[in-house]
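This briefing covers one protein chain, shown below with its sequence. Please read the points alongside the structure.

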Amino acid sequence: METPGSQSSLHRANLERVVRAVRLAGSLTQAEIARTTGLSAATVSNIVRELKDGGTVEVTPTSAGGRRARSVSLSGDAGIVIGVDFGHTHLRVAIGNLAHQVLAEEAEPLDVDASSAQGFDRAEELVSRLIAATGVDRSKVAGVGLGVPGPIDVESGTLGSTAILPGWGGTKPAEELRDRLGVPVHVDNDANLGALGELVWGSGKGVRDLAYIKVASGVGAGLVIDGKIYRGPGGTAGEIGHITLDESGPVCRCGNRGCLETFTAARYVLPLLQPGHGPDLTMEGVVRLARDGDPGCRRVIADVGRHIGSGVANLCNLLNPSRVVLGGDLAEAGELVLGPIRESVGRYAIPSAARQLSVLPGALGGRAEVLGALALALSEMGDSTLLDGSLPSVSPAFT
């Protein structure tokens with residue numbers, strides 16, 4: 001039996017530190033593992049050798065700084081994680097392995113007015129279909145990350161009232177999906193998962209402090225502070241869409257007037273352009289028309305960018321992030337929207353905060369949230385399960 005402070009317990013702790021570092025990063029050189037964990041190069045070398053012999057990690061030749069190195073990643077057959085993203089009009093599911101490789105991914109339309117039970121039925125079916133397509137044994141499922149477009153109460157796991165999925169308020173999404181799949185399910189709102197996706201795979205790689213701004217049917221921000229998602233004690237951190245811009249402005253769905261969302265979200269912006277472009281106009285269509293030179297669409301996108309920039313300036317003054325990543329359809333507008341955002345930040349943010357900030361489009365597009373869900377599942381799984389080969393057993397209903 002291991003005792004605290006014993007040589008065997010210290011060795012076990014070091015094994016878990018190395019596995020955790022590799023699991024969160026996807027792959028690291030041995031030198032990077034040493035820097036990340038604080039372990040000596042010799043200790044890392046011995047641990048990597050032990051993990052490789054046990055089949056937990058794979059080691060491949062690579063180069064770093066022009067010198068030969070060895071890249072360490074978790075074994076491709078050590079397990080899989082599942083990402084599920086519910087959006088305003090879609091359901092997207094991805095299957096990935098513990099080496100951060102996406103094995104299968106699919107999206108399908110989702111009726112926003114459908115009940116939560118129907119939505120989770122669809123998710124269960126799509127998950128089963130994708131796992132079958134990968135040919136991976138279902139017993140290898142280590143966990144599920146789930147994204148929903150609304151605030152999640154940290155203590156109860158309950159989805160707050162949302163106008164985006166109106167029939168889902170008061171449900172407990174993680175419990176609902178866990179009961180169907182029989183494996184651990186971790187839930188977060190879509191903006192937080194977008195931030196996590198861009199942090200691990202996209203425009204936020206290598207950054208410790210960033211804000212991911214998603215503009216769609218609503219407006220939200222995922223906040224990363226010191227490399228970790230910041231949710232706040234109640235899980236509502238990042239509701240940038242409800243910063244007040246004009247206290248005499250339009251009434252927002254939250255009950256206040258003149259929120260940022262009322263000047264930037266699709267439900268408020270599209271009616272400005274539909275008289276000239278038809279009732280079926282979407283934000284994707286607005287961006288496409290703007291890129292093609294349509295003056296009305298270009299003007300509206302520039303106005304939206306300036307309003308978003310005001311909200312970003314407030315974030316800069318409060319949190320001083322080093323990077324802001326714009327997600328959603330609006331990011332495809334490129335400099336048509338990023339330029340006005342930077343202009344407002346330069347006008348309203350503290351100069352020292354504005355100078356340190358870079359504003360970039362998301363690199364993952366509509367995949368940011370589902371990849372963030374994969375990253376959430378990867379971050380929440382325990383390292384002891386990998387070392388002991390004891391992944392959660394899958395319920396009979398799922399098999």
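What follows is a summary of the chain as a whole, then points grouped by topic.

The model is predicted. The protein chain has 14 helices and 13 strands. With a radius of gyration of 22 Å, close to the 21 Å from the globule rule for 399 residues, the protein chain is as compact as a globular protein of that length.

**Overall form**

- Along the principal axes, the C-alpha atoms of the protein chain fill a box of roughly 70 × 50 × 40 Å.
- Of the 399 residues in the protein chain, 51% are buried.
- The protein chain has an accessible surface of about 17,700 Å², and carbon and sulfur atoms account for 49% of that surface.
- Taking contacts in the protein chain between residues at least 6 apart in sequence, 62% are between residues at least 24 apart.

- The structure contains 19 salt bridges, one of which pairs Glu105 with Arg92, with 3.5 Å between the closest N and O atoms.
- Because Glu105 is in strand β6 (residues 102–109) and Arg92 is in strand β5 (residues 90–97), this pair ties together parts that are 13 residues apart in sequence.
- Glu105 is partly exposed, its relative accessible area being 26%.
- A second salt bridge joins the side chains of Glu108 and Arg122, at 2.7 Å from N to O.
- Glu108 is also placed in strand β6, while Arg122 is in helix α4 (residues 116–134), so the pair links parts that are 14 residues apart in sequence.
- The two partners fall into separate accessibility classes: Glu108 counts as buried at 17% relative accessibility, and Arg122 counts as partly exposed at 28%.

- Asp303 and Arg299 form a salt bridge through their side chains, with an N to O distance of 3.1 Å.
- Both residues are in helix α10 (residues 295–319), where a spacing of four residues separates Asp303 and Arg299 by about one helical turn.
- Asp303 counts as partly exposed at 23% relative accessibility, whereas Arg299 is exposed at 52%.

**Cysteines**

- The whole structure has zero disulfides by the search made here.
- For Cys252, the closest cysteine sulfur is that of Cys254, and the separation of 3.8 Å is too far for a bond.
- For Cys254, the closest cysteine sulfur is in Cys259, and at 3.7 Å that pair is also too far apart for a bond.
- Cys252 is buried, with 4% relative accessible area, while Cys254 is partly exposed, with 38%.

**Pro340 in helix α11**

- Pro340 sits in helix α11 (residues 335–348) and is buried, with a relative accessible area of 10%.
- Leaving aside residues up to four places away in sequence, Pro340 touches Ala302, Gly305, Arg306 and Glu335.
- Ala302 is 38 residues from Pro340 in sequence, yet their C-alpha atoms are 5.8 Å apart in space.

**Nonpolar surface patch**

- Ile225, Tyr230, Leu318 and Leu319 make a nonpolar surface patch of about 400 Å².
- Tyr230, one of the patch residues, belongs to strand β11 (residues 228–230).
- Tyr230 is partly exposed, at 40% relative accessible area.

- Most residues other than glycine have a negative phi.
- Asp226 is not a glycine, but has a positive phi of about 55°.
- Asp226 is in the loop between β10 (219–225) and β11, and counts as partly exposed at 48% relative accessibility.
- Asn320, likewise not a glycine, has a positive phi of about 55°.
- Asn320 is in the loop between α10 and β12 (323–327), and is partly exposed with a relative accessible area of 37%.

Definitions and conventions
Residues numbered from 1 in each chain as written. Predicted model: local features only at pLDDT ≥ 70, side-chain atom pairs only at ≥ 80, totals over all residues. Heavy atoms only, no water. Patch = residues over 30% accessible without salt bridge, like charges linked within 9 Å, V, L, I, M, F, W, Y side chains within 5 Å. Areas by Shrake-Rupley, 256 points an atom, 1.4 Å probe, with all protein chains shown as cover. Salt bridge = Lys/Arg side-chain N within 4 Å of Asp/Glu carboxyl O. Helix = DSSP H or I, 4+ residues; strand = E, 2+ residues; numbered from the N terminus. Buried < 20%, exposed > 50% of the residue type's maximum accessible area, 1.4 Å probe, protein only. Rg over C-alpha atoms; globule rule 2.2 N^0.38 Å. Contact = heavy atoms within 4.5 Å. Disulfide = S-S within 2.5 Å.
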